Amino acid sequence: MYYFGCGIAGGCPLIDKNPSPRREVNKFKEFGRIVMEHHFGSRPTRMEHKTEGLSNFVFSAQQSKQKYIIRISPDPAALNAFIKEQWTQKAAHAAGVVTAEILEVGNSIVPYPYMITRYIPGEPAGHHPKRLSIIRELGEIAARINSIRTNGFGGTYDWSHNLLSLNASWKDYLENEYRYKDKVEILKRHNVMDASQAKRAMQIFREASKLAPRPALCHGDLRLKNVIVDRNGKISGILDWQTATSNIAPQWELSLALHDLGIDEKQVFLEGYEIGHQDLLQAMPLIKAFNVLNYSTEVERAFNQKDSVGLERCRTRLSGAFDMFSL
């Protein structure tokens, strides 16, 4: 789903459905049928387009009595992203996190990368009446994910055999992949961050770059839109591992997971995570700094598209106008 100012480093969409024309959807639906027939010996009896897929074409496929999800990317280079998800979900599952079982990743049957997973029954968590208990459980799951040790920092980690694109140090990641200096400059250039705020952000990241954290797996988008629950509100699946990274935890995970939540929900999530008060206070400057700088992509988009309303919303949010809990 899409909403304004998502706080994700990779950028924020402005819509919540795949905007592709029907003929394009039908083309990829046929690719999906070909892939399913190859792997299961017959074409699916039912194939339904799931409009939530933004960068991929997503379909549910009924094959005999079983239901599957097939994702096909229009970008041939996306195969690595699917391989990353396959490794990451397997590691998370081994740590006790409920994920969809990935059965196959490939690109040899059709000219585009695809992934087949088992369907997880349930409903999206966002509107379930047991919202608070779900959020608490999500905090517990976040801690479980962040307990998985990885090697390197950023999007290239244990799933990849590449060495030249691996950020061996935390400082290299902050400067060369996350590029915090560029993000601060973008926010300054568009008058979203004043000089004193920019100085404070630079100070936080300079101090952070002196740390030597152990890299840990981070889901990178642990929000209710990516959670499936059963009728009792028990989490039955964590979805969408596309933004998973090897990163500092809990700072990176919390900067994204807490973004949507109200104050009571934030506290419940953190109770589930079991982070102590002092540890949270120590981590909070970097959590806030990540959250602010992650708006740089949305600010650039708003400026380039002459979206003055969107730009003004960013300025209001990042001014601290909505902070009602500190003086």
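How many bridges join E1 to strand E2, and in which direction do the two strands run? The legends below refer to a predicted model.

**Figure 1. Pairing of strands E1 and E2.** Strand E2, formed by residues 57–63, is joined to E1 by five bridges, and the two run antiparallel. Within this region, Lys50 stands opposite Val58 of E2.

**Figure 2. The open sheet of five strands.** The strands are arranged in the order E1-E2-E3-E5-E4, and their pairing is antiparallel. Strand E1 (46–50) and strand E4 (102–106) form the edges, each pairing on one side only. From one strand to the next, the twist averages 20 degrees.

**Figure 3. The crossing of helices H4 and H9.** The axes of helix H4 (residues 170–178) and helix H9 (residues 277–293) come within 14 Å and cross at roughly 20 degrees. Angles under 35 degrees count as roughly parallel, and H4 and H9 are therefore roughly parallel to each other. The crossing in which H4 passes H9 is left-handed. Trp170, Leu174 and Tyr178 of H4 make the contact with Leu286, Phe290 and Leu293 of H9. Of the residues in this contact of H4 with H9, six are nonpolar, none is polar and none is charged.

Methods:
Residues are numbered from 1 along each chain as its sequence is written. This is a predicted model: local features need pLDDT of at least 70, side-chain atom pairs count only at pLDDT 80 or more; totals for chains, interfaces and linings use all residues. Side-chain values use heavy atoms; hydrogens and water are left out. Two strands pair if DSSP finds at least two bridges between them. Helices (H or I, at least four residues) and strands (E, at least two) are DSSP runs, numbered from the N terminus. Axes are lines fitted to C-alpha atoms, for helices over the stretch in contact, and angles run from 0 to 180 degrees between N-to-C directions. Angles under 35 degrees count as roughly parallel, over 145 as roughly antiparallel, 65 to 115 as roughly perpendicular and the rest as oblique. A crossing is left-handed if the near helix is turned anticlockwise from the far one by less than a right angle, and right-handed if clockwise. Contact means heavy atoms within 4.5 Å. Ala, Val, Leu, Ile, Met, Phe, Trp, Tyr, Cys and Pro count as nonpolar, Asp, Glu, Lys and Arg as charged, and the others, Gly among them, as polar.
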